[in-house]
Amino acid sequence: AAANAQESLDDYRQLVKEIDHQASTTQKQLRDLGDGAVPALIEALADEDDLVRLNVAHALASIANPVCVPELARVAENDRRLDVRHQALIGLRHMADIRSLPTLVRLLGDNDEQTRSYAAQALAAIGHRRATQSLAGSLAGDASNEVRTHAAIALMQIRDRRAVPTLVAALSDRDLNVRGWA
């Protein structure tokens, strides 16, 4: 029985490797299509298949065409799958386009900790003062150490004087990383 279980586990590991390789190959092929494929890829963000949407979001993030920003922002806020939303947020961070700022600010209040963290990271990449108040609120009040850390990093990159009182208060945060970035 142990030999059969080990053989099944080995088969499973091989299958996972093959699936991972296929996904990587698909993502590379989509990315290699470049700007000419952007309209079709944007349309595919509405596909029913979760894996299709995930791969398309990854490809659009890699292509980094500014035309994608509104659609990636919509996906980041509304897709039913967190992994697809997260991939869209990674794309928005990579593009650092001011048009995504309102969505990213709203996502600082999302129920999902990783979504809030990715939103703070994307806001840091944009580096616009319009995000200061929302990031200061996350730094002062988010329950997640990771989110508070990324909010502090973003505020340090934005360099808005209005954030100074919140950053000073964060020097007493319970988390070492938060204190270090503040």
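Visitor: What share of the contacts with a separation of 6 or more comes from residues 24 or more positions apart?
Guide: This is a predicted model, so read each value as computed from it. Residues 24 or more positions apart account for 64% of those contacts.

Visitor: How many helices and strands does the protein have?
Guide: There are 11 helices and 0 strands. From the N terminus on, the order is α-α-α-α-α-α-α-α-α-α-α.

Visitor: What percentage of the residues is buried?
Guide: Buried means under 20% relative accessible area. Here, buried residues make up 46% of the 182 residues. The accessible surface of the protein is about 9900 Å². Carbon and sulfur atoms hold 52% of that surface.

Visitor: How many residues are in the largest nonpolar core?
Guide: It has 48 residues. Those with the most contacts inside the core are Leu60, Leu72, Leu92, Leu104, Leu135 and Leu139. Helix H7, residues 113-126, gives the most to this core, with 7 residues.

Visitor: Take Leu72. Is it buried or exposed?
Guide: Leu72 counts as buried because its relative accessibility is 0%. It is found in helix H4, residues 69-78.

Visitor: Which residues is Leu72 in contact with?
Guide: Leave aside the neighbours within four places in sequence. Leu72 is then in contact with Ala57, Leu60, Ala88, Gly91, Leu92 and Met95. Look at Ala57. Leu72 and Ala57 are 15 residues apart in sequence, and their C-alpha atoms are 7.2 Å apart in space.

Visitor: And which residues is Leu60 in contact with?
Guide: Again, leave aside neighbours within four places in sequence. The list for Leu60 is Val38, Leu41, Ile42, Leu45, Asn65, Cys68, Leu72 and Met95.

Visitor: Now a charged residue. Is Arg53 buried or exposed?
Guide: Arg53 is buried, with a relative accessible area of 2%. It is found in helix H3, residues 50-63.

Visitor: Which backbone oxygen does the side chain of Arg53 reach?
Guide: The side chain of Arg53 reaches the backbone oxygen of Asp47 at 3.0 Å. It also reaches the backbone oxygen of Glu48, at 3.2 Å. Beyond four places in sequence, the contacts of Arg53 include Ala44, Leu45, Asp79, Arg80, Arg81 and Val84.

Visitor: How many salt bridges does the count come to?
Guide: A salt bridge needs a side-chain nitrogen of Lys or Arg within 4 Å of a carboxyl oxygen of Asp or Glu. By this rule the count comes to 14.

Visitor: Which residue forms a salt bridge with Asp142?
Guide: Its partner is Arg116, and the closest N and O atoms are 2.7 Å apart. The pair links distant parts of the chain, 26 residues apart. Asp142 is in the loop between helix H8 and helix H9, while Arg116 is in helix H7. Asp142 counts as buried, at 11% relative accessibility. Arg116 also counts as buried, at 11%.

Visitor: Where do the side chains of Asp160 and Arg129 meet?
Guide: They meet in a salt bridge, at 3.7 Å from N to O. Asp160 is in the loop between H9 and H10, and Arg129 is in the loop between H7 and H8, 31 residues apart. Asp160 counts as buried, at 4% relative accessibility. Arg129 counts as partly exposed, at 47%.

Visitor: What distance, N to O, goes with the salt bridge of Arg148 and Asp173?
Guide: It is 2.8 Å. Arg148 lies in helix H9 and Asp173 in the loop between H10 and helix H11, so the pair ties together parts that are 25 residues apart in sequence. Arg148 is buried, and so is Asp173.

Visitor: Which residues do salt bridges that share partners join into one network?
Guide: The network holds Glu48, Asp50, Arg53, Asp79, Arg80, Arg81 and Asp83.

Visitor: On to backbone angles. What is the phi of Ala64?
Guide: Ala64 has a positive phi of about 55°, although it is not a glycine. Ala64 lies in the loop between H3 and H4. It is partly exposed, with a relative accessible area of 27%.

Visitor: And what is phi near in Ala96?
Guide: Phi of Ala96 is near 50°, a positive value in a residue other than glycine. Ala96 is found in the loop between helix H5 and helix H6. Its relative accessible area is 30%, partly exposed.

Visitor: Last, the surface. Which residues make a nonpolar patch?
Guide: Val164, Val168 and Leu171 make a nonpolar surface patch of about 250 Å². Val164 is found in helix H10, residues 164-170. Val164 is partly exposed, with a relative accessible area of 43%.

Conventions: Residues are numbered from 1 along each chain as its sequence is written. This is a predicted model: local features need pLDDT of at least 70, side-chain atom pairs count only at pLDDT 80 or more; totals for chains, interfaces and linings use all residues. Side-chain values use heavy atoms; hydrogens and water are left out. Patches are made of residues with over 30% relative accessible area and no salt bridge: like charges are joined within 9 Å, nonpolar side chains (Val, Leu, Ile, Met, Phe, Trp, Tyr) within 5 Å. Accessible areas come from the Shrake-Rupley method with a 1.4 Å probe; for residues, only the protein chains shown count as cover. Helices (H or I, at least four residues) and strands (E, at least two) are DSSP runs, numbered from the N terminus. Buried means under 20% relative accessible area, exposed over 50%, partly exposed in between (1.4 Å probe, protein chains only). A nonpolar core is a set of buried Ala, Val, Leu, Ile, Met, Phe, Trp, Tyr and Cys residues joined through side-chain atoms within 4.5 Å. Contact means heavy atoms within 4.5 Å. A polar contact is a pair of N or O atoms within 3.5 Å; within protein, one must be able to donate a hydrogen and the other to accept it, and residues adjacent in sequence count only if both atoms are side-chain atoms.
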